[in-house]
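Thanks for making time this morning; I would like to take you through one model, beginning with the whole chain and then turning to single residues. Please have the sequence and the structure in view while I talk.

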Amino acid sequence: MNVSIIGSGYVGTTLAACLADLGHTVTAIDIDESIVERLNAGEAPIHEPGLADLLAEHAGTRLTATTSYDAVRDTDVTFIALPTPSRDDGSIDTSLVEKGTESLGEALREKSSPHLVVVKSTVVPGTTAERVGPILEETTGKTLGDGIDVAMNPEFLREGHAVLDFLDPDKVVLGAENDEALATLRELYRPLTDGTDIPVVETGLREAEMIKYANNAFLATKISLMNELGNICKEYGVDAYEVADAIGLDERIGSQFLASGVGWGGSCFPKDVAALIAAADTAGYDAELLKAAVGVNDRQPKRLLALLDDHVDVSDKRVAVLGLAFKPGTDDIRESRAIPVIEGLLDRGADVVGYDPVATDRMRERFPDVEYADSAADALRDAHAAVVVTDWDEFAALDDEFDAMARPIVVDGRRIVERREGLTYEGLTW
């Protein structure tokens, strides 16, 4: 099948590479010429394990990139994978999706054969039918269901595992309002789902939009609940991780997302939970539980800093921040818990030195005056304290490096560092 994808960010690039790997012919469309050049050269514009290999394999053959929307006329299906950033009130800004849809519709006006437009962007219920659809009808001069149609296909990609999540998903959700659109989506995903036990959920547009939000809201709330339980465990001297191991054996609970720590961040959980709260407010419903989940998450970095205050006055002291990405396996710092931690340390007058295996350049853009080290050992040398914010595997191997600190004080927000004699160690929730 010939597929075009509008937007070559994290989702769009992963989608393009993986669909090409399934055997489809893919055209990536992006207004950023530098991204288009990198894709055509087989280079990944983002850090994502496995993505560079797929791009190197398929660029120039099954996968090409362009800045021209006219390329959509040579395809059967177009995915819209454009950002929907948060406004100040938490609601999503769909202006980029709407602008992209306008350009898409103008390009499709001259196409005579049927075309399916699939929204991949995360949007609140009603967006595909009430915004994207009408824009397409106006710009193409066609009627939905007669030459042009829309569908919704939410993504469930974890940064750091996106390629694996696409090629071996927990589920595939296909949202459409007619059999023709569903048939096209089934055919598109047939190379992935045929001969497997991957669940395929066929549902309506609004349901597909809501499934994405419900998925992320549930996971974010589960993490916040475990962090709240971990905070209580801390007050009673209880090992929260032993508690989590035990309750995770209950199949109704499950063992995933039970690691208490400094909280969740990234491009999805914060934005999606905020958007769902805002959507509920608009509908006249007070989403108290989701607001509480956000509140717990917001407090975790403050709790980490308060524990640090119990051990050392960091004013004019060197403090190492280990981990800058919001999670291991990615260079994404969006809503990283390292941001409020660094802000809190700077407010306390600390001399901050940060280290991350891949996210240093991105954090330097946010905090250009902070010192950044080339290794964890360099960050720890002569530091009066260290805080662990991201659980990169290399931090678990640290040992002698702590002996080079001026004062070996570690506040661990991810339970990645081993307690040992000679190290003043404080866990965030245990």
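I will start with how the model is to be read, and then go from the chain to its annotated sites and a few further residues.

This is a predicted model, so to read it please keep in mind that local features need pLDDT of at least 70, that side-chain atom pairs count only at pLDDT 80 or more, and that totals for chains, interfaces and linings use all residues. Residues are numbered from 1 along each chain as its sequence is written, and side-chain values use heavy atoms, with hydrogens and water left out.

The chain has 15 helices and 15 strands, where helices (H or I, at least four residues) and strands (E, at least two) are DSSP runs numbered from the N terminus. Along its principal axes, the C-alpha trace spans about 75 × 45 × 40 Å.

Of the 430 residues, 54% count as buried, where buried means under 20% relative accessible area, exposed over 50%, and partly exposed in between, with a 1.4 Å probe and protein chains only. Among contacts with a separation of 6 or more, 72% come from residues 24 or more positions apart, a contact being heavy atoms within 4.5 Å.

Let me turn to the annotations. In an unreviewed entry, UniProt gives the feature "binding site" at Asp 30, Thr 84, Thr 122, Glu 159, Lys 271 and Arg 334. These positions cover 305 residues of sequence and are also spread in space, up to 22.9 Å between C-alpha atoms. Such annotations may be inferred rather than shown by experiment; their positions are in the numbering used here, and the feature names are shortened.

Asp 30 sits in the loop between β2 (25-29) and α2 (33-40), and it is buried, at a relative accessible area of 12%. Not counting residues up to four places away in sequence, Asp 30 touches Gly 7, Ser 8, Ile 35, Val 36, Thr 66 and Thr 67.

What does UniProt list for "active site"? The unreviewed entry lists Cys 268, a residue in the loop between α9 (240-247) and α10 (269-282). Cys 268 is buried, with 17% relative accessible area, and, its neighbours within four places in sequence aside, it is in contact with Glu 155, Lys 212, Asn 216 and Val 273.

Val 123, in the loop between β5 (115-119) and α5 (127-140), is buried at a relative accessible area of 1%. Leaving aside neighbours within four places in sequence, its contacts include Thr 84 and Glu 209, and Thr 84 is also one of the positions in the "binding site" record.

Finally, a word on the backbone. Most residues other than glycine have a negative phi. Asp 382, in the loop between α14 (376-380) and β13 (385-388), has a positive phi near 70°. Arg 415 has a positive phi near 50°; it lies in the loop between β14 (409-412) and β15 (424-427) and counts as partly exposed, at 31% relative accessibility.
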